[in-house]
Amino acid sequence: MCRFIETIRIENGEICNVSYHNARLNETRRCLLGKTDRWNIASLLNPEKIAGRVRCRLTYGKELLGVEYISYTPRQVESLQLVEADSLQYAFKYADRSGLDEIFSERGEADDVLMVRNGLLTDTSIANIALWNGIEWHTPSLPLLKGTCRQRLLEEGVIVEREIRADQLGRYTEICLFNAMLSFGEIQFKCDRIKGL
């Protein structure tokens, strides 16, 4: 049986970005499991007594399989290694991350990988990315996974989609990593910390 996850940030008892998580979870259930009833994540969680930033991991298939609350400390990422990942598919948030883990193992001396599919930048092993060109933040138009935070930032106009080839990295000065657990700007560094293929 296929299992899927939603990783949800809870900040001092508040479920963050819940409408975007609801949309992704229900789209996954519809597309891959044939389920048309809609779940509301807020009704599945009990975050009121949680202090600080906590990662909630909701695991599901056709039914809810589990909810875990895990204390969260952001992983330090200050360098990336470009890695080819042409055959990797992760359009839905599967519980099985073995393909991502295999790519991550190719990071060498870097803290994480920046995956390249068919010459285009996608994501790191844990986050969507945006690149600063001195005027605006560009995020790859073909990410490996369309994250919930990415969707919100697009709708707010903080980032804009662009097709970004790996050989165009020289046009950018800064990179920002973000996901449900990492706020935009929390992990940001110079593009010269990205090592080539």
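Predicted model: local features only at pLDDT ≥ 70, side-chain atom pairs only at ≥ 80, totals over all residues.
**Exercise 1.** Classify the ring pair of Phe-4 and Tyr-94, and state which parts of the chain the pair ties together.

*Solution.* Step 1: a pair of aromatic rings is described by the distance of the centres and the angle of the planes. Step 2: a search of the whole structure finds seven aromatic pairs. Step 3: for Phe-4 and Tyr-94, the ring centres are 5.0 Å apart and the planes lie at 35°, so this pair is tilted. Step 4: Phe-4 is in strand E1 (residues 4–11), whereas Tyr-94 is in the loop between strand E5 (80–84) and helix H3 (98–104); the pair therefore ties together parts that are 90 residues apart in sequence. Step 5: Phe-4 is buried, at 1% relative accessible area, while Tyr-94 counts as partly exposed, at 24%. Step 6: Phe-4 and Tyr-94 belong to one aromatic cluster together with Trp-39, Tyr-60 and Tyr-90.

**Exercise 2.** In which helix does Thr-28 lie, and with which residues is Thr-28 in contact, leaving aside neighbours within four places in sequence?

*Solution.* Step 1: Thr-28 is part of helix H1. Step 2: with 3% relative accessibility, Thr-28 counts as buried. Step 3: apart from neighbours within four places in sequence, its contacts are Phe-4, Leu-33, Tyr-60 and Phe-92. Step 4: among these contacts, Phe-4 and Tyr-60 are also members of the aromatic cluster.

**Exercise 3.** Identify the buried residues of helix H4 (residues 148–156) and the elements that cover them.

*Solution.* Step 1: in H4, the buried residues are Thr-148, Cys-149, Arg-150 and Leu-153. Step 2: the elements covering them include E1, helix H1 (18–33), strand E8 (128–132), strand E9 (137–140), strand E10 (159–162) and strand E11 (174–178). Step 3: just after H4, Gly-157 takes a positive phi of about 80°.

**Exercise 4.** Explain why the radius of gyration of the chain agrees with that of a compact globule.

*Solution.* Step 1: a compact globule of 197 residues would have a radius of gyration near 16 Å. Step 2: the chain has 17 Å, which agrees. Step 3: along its principal axes, the C-alpha trace spans about 45 × 35 × 30 Å. Step 4: of the 197 residues, 46% count as buried. Step 5: the secondary structure comprises four helices and 13 strands.

Note on methods: Residues numbered from 1 in each chain as written. Heavy atoms only, no water. Helix = DSSP H or I, 4+ residues; strand = E, 2+ residues; numbered from the N terminus. Rg over C-alpha atoms; globule rule 2.2 N^0.38 Å. Buried < 20%, exposed > 50% of the residue type's maximum accessible area, 1.4 Å probe, protein only. Phe/Tyr/Trp six-rings, centres within 6.5 Å; stacked < 30°, edge-to-face > 60°. Contact = heavy atoms within 4.5 Å.
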